[in-house]
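Biologist: Could you walk me through this model and what sits inside it? I am new to this, so please take it slowly.

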Amino acid sequence: MRDIKENIIAIKDNISMICSKNNLNENDITLIAVTKTMNCENINYAIENGITDIGENKVQEVMDKYDLINKNVDWHLIGHLQTNKVKYIINKVKLIHSVDSLSLAEEINKRAAKSGIIKDILIQVNVAMEDTKYGISTDEVDTLIDQISLFSNVRIQGLMTIAPLFNEVEKTRPIFRALREKKDEIIKRNIPNVEMNYLSMGMTGDYNIAIEEGSNMIRVGTGIFGKRNYNI
Ligand SMILES: *Cc1c(COP(=O)(O)O)cnc(C)c1O
């Protein structure tokens with residue numbers, strides 16, 4: 001557990017360093033601790049040690065852990081979301097990072113309306129067009145955003161991507177840059193009900209580069225909690 005505390009301090013220091021080198025404000029960067037496969041004790045310990053936002057990629061894990069986690073934290077759904085599971089998380093997570101279809105947005109809109117809330121979402125973009133990843137292609141972003149912008153209980157807050165795992169981390173840079181450019185284009189279009197406050201990009205191995213390329217939401221799992229054990 002002590003490692004978790006030290007890891008958080010080290011990552012925050014590193015974020016400060018990257019920001020001061022690149023003339024960015026470190027307070028603009030949200031560090032999301034990715035808690036998939038991690039137990040509640042460790043997650044609560046991380047929250048006691050400065051983590052304000054946590055990310056899960058499975059609905060089931062959000063449901064299993066929700067009541068056991070310190071209330072003083074914001075939840076993010078960062079993994080693929082099936083339409084039939086929206087109802088389980090709609091009132092639990094602050095931001096859904098993985099919207100990649102009109103039908104999913106439609107369901108979120110419907111469930112949010114039922115709860116009397118407006119749900120903040122990000123559009124997941126598969127910038128590198130990897131077969132193995134969810135997300136729409138960069139070319140499809142405008143059409144999807146135009147359609148979702150008409151929903152009154154969903155608010156687009158930005159874009160999210162997962163960069164491919166390259167053997168050289170520097171190769172992620174053009175991916176992150178392309179998404180930032182897409183974000184800037186969308187801002188210029190001034191679409192009602194669409195905001196571009198967040199670019200969710202960068203994980204343990206590549207968040208340095210992501211921040212340099214304009215990310216303000218990084219999702220760090222192993223860098224905080226150590227290696228994941230999927231067999232528990
Ligand atoms: C697991 C996961 C992360 C964190 O990955 P690490 O390499 O452990 O930092 C970030 N984003 C998503 C969508 C994930 O599923």
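Modeller: Let me begin with the ligand, where one of its oxygen atoms is 2.4 Å from an N or O atom in the side chain of Thr 204, a polar contact being a pair of N or O atoms within 3.5 Å, where within protein one must be able to donate a hydrogen and the other to accept it, and residues adjacent in sequence count only if both atoms are side-chain atoms. This is a predicted model, in which local features need pLDDT of at least 70 and side-chain atom pairs count only at pLDDT 80 or more, while totals for chains, interfaces and linings use all residues. Residues are numbered from 1 along each chain as its sequence is written, and side-chain values use heavy atoms, with hydrogens and water left out.

Biologist: OK, and what does the side chain of Arg 228 do there, how far is a polar atom of it from a ligand oxygen?

Modeller: A polar side-chain atom of Arg 228 lies 2.8 Å from an oxygen atom of the ligand, and a polar backbone atom of Gly 221 is also found 2.8 Å from a ligand oxygen.

Biologist: How much of the ligand's accessible area does the protein cover?

Modeller: The protein covers 90% of the 390 Å² that the ligand has on its own, with areas taken from the Shrake-Rupley method with a 1.4 Å probe, and for residues only the protein chains shown count as cover.

Biologist: Which residues surround the ligand?

Modeller: Among them are Val 34, Asn 57, Ile 78 and Thr 222, where near means that a heavy atom of the residue lies within 4 Å.
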